[in-house]
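The points are grouped by topic.

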Amino acid sequence: MQRHTITPRNNWQSSVEKLGFGFHTADVPYWNENAYYEFSLSEVNKIETATAELWGMCLEAVQYVIDHKLYHRFAIPDRAVAVIEKSWNDDVPAIYGRFDFGFDGTDLKLFEFNADTPTSLFEAGIVQWFWLQDFASHKDQFNSVHERLIDYWKYLKPYLYEGILHFTCVKQSLEDLTTAEYMRDCAIQAGIPTKLIFIDDIGWNQEECEFVDLEDQEIKNIFKLYPWEWMVNEPFFDQLLLNPEVYWIEPAWKMILSNKAILPVLWKLYPNCPYVLECYFEEENTLKNYVKKPIYSREGANISMVKDGQILAETKGIYGKEGFICQQIFNIPRFDNKIPIIGSWIIGQQPSGMGIREDDSLITGNTSCFIPHLINN
């Protein structure tokens, strides 16, 4: 794994905007093609293998949590349990997730699994692929995101209720809308009729006991870019309980996997796995050097790194009331003073590509840049 500094494409902003990538820059560029990361084929094979093995382990871990009724450790409310277990037992369709890894050139370690509402999908699947065609089209990339999404929607199509597949997200986030529309475009290419509705616009037909869109059409299948941990606290969750037959994608059992409480469970079940870091719930922690993470948090908020009782780095935020986990520190080498995190995608049951985000800070946050990559064969 190497980092190379390069000159960006002329007018790269217009190039990515033509693809529909409108959030490439905030205060500073989020998309950064001043550099790229180069991987060997063996390194990519390692990432691909780890992703596949961890996916299988995560499914086993979900079964373990359900069998042992560990919902309280995940701060999952009692009223959500029946929805979770029904979605698991009914094998409700799931489509994607992103494992975040640290890599020191030898060891690859799981930091967390974004299993419910992962983002950077469009950047990983489309934007960096078109960058590669302009920069080095003779090279390859660990990237079959787009093809896998279309193929998996085709596979899932017979399992959906007949009719429309709705897609929803919040109105205020261009990033979320772009991700939802990209996923929707893949479903359309798979031959599935779709419709977009913002989550605030979803209605409830009291007489028929069903969710409806703005045209009063029943919602039976819906892809949501909206976290389950928020949904369980929404007023409409009461209606959701009244109509448990709706296919919510991702399904409710992802509430277990998207929770950082899954990390100490993985350590308990697989202490010899080379990809899993030693990890404990805060009250059971015996580590001296660890990263303390809220079981619910986003964009690197409320995280602290502790070494020998001293705080190396920490971030502020609104999370933490549900509890924390403590994960062993894994040191990632700096590349040109940047620290990269590998986001490896699982789509359906298969590893499908990766994206890199980097930061000057020890903690990856919402201002960390997305950097393209290529494979040097």
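Helix α2 (residues 41-67) packs against helix α10 (residues 262-269) at an angle of about 100 degrees, and their axes are 10 Å apart. The model is a predicted one.

**Helix packing**
- Angles of 65 to 115 degrees count as roughly perpendicular, so α2 and α10 are roughly perpendicular to each other.
- On the α2 side, the contact is made by M57, C58, A61, Y64 and V65; on the α10 side, by I262, V265, L266, K268 and L269.
- The residues of this contact between α2 and α10 comprise 9 nonpolar, no polar and 1 charged.

**Aromatic pairs**
- The count of aromatic pairs comes to 27.
- F99 and F113 form a stacked pair, because their ring centres are 3.9 Å apart and their planes are at 5 degrees.
- F99 belongs to strand β3 (residues 96-103) and F113 to strand β4 (residues 108-114), 14 residues apart.
- F99 and F113 are both buried.
- F122 and Y182 make an edge-to-face pair, with 5.3 Å from centre to centre and 65 degrees between the planes.
- Since F122 is in helix α4 (residues 121-136) and Y182 in helix α6 (residues 174-189), the pair ties together parts 60 residues apart in sequence.
- F122 counts as buried at 6% relative accessibility, and Y182 counts as buried at 4%.
- One aromatic cluster is formed by F21, F23, Y30, W31, F122, Y182 and F370.

**Charges over rings**
- R73 lies over the face of F281, 3.9 Å from the ring centre.
- K254 has its charged end over the ring of W253, at 5.7 Å from the centre of that ring.

Technical notes:
Residues numbered from 1 in each chain as written. Predicted model: local features only at pLDDT ≥ 70, side-chain atom pairs only at ≥ 80, totals over all residues. Heavy atoms only, no water. Axes fitted to C-alpha atoms, helices over the stretch in contact; angles between N-to-C directions. Helix = DSSP H or I, 4+ residues; strand = E, 2+ residues; numbered from the N terminus. Parallel < 35°, antiparallel > 145°, perpendicular 65-115°, else oblique. Contact = heavy atoms within 4.5 Å. Nonpolar A, V, L, I, M, F, W, Y, C, P; charged D, E, K, R; others polar. Phe/Tyr/Trp six-rings, centres within 6.5 Å; stacked < 30°, edge-to-face > 60°. Buried < 20%, exposed > 50% of the residue type's maximum accessible area, 1.4 Å probe, protein only. Lys NZ or Arg CZ within 6 Å of the ring centre and 35° of its normal.
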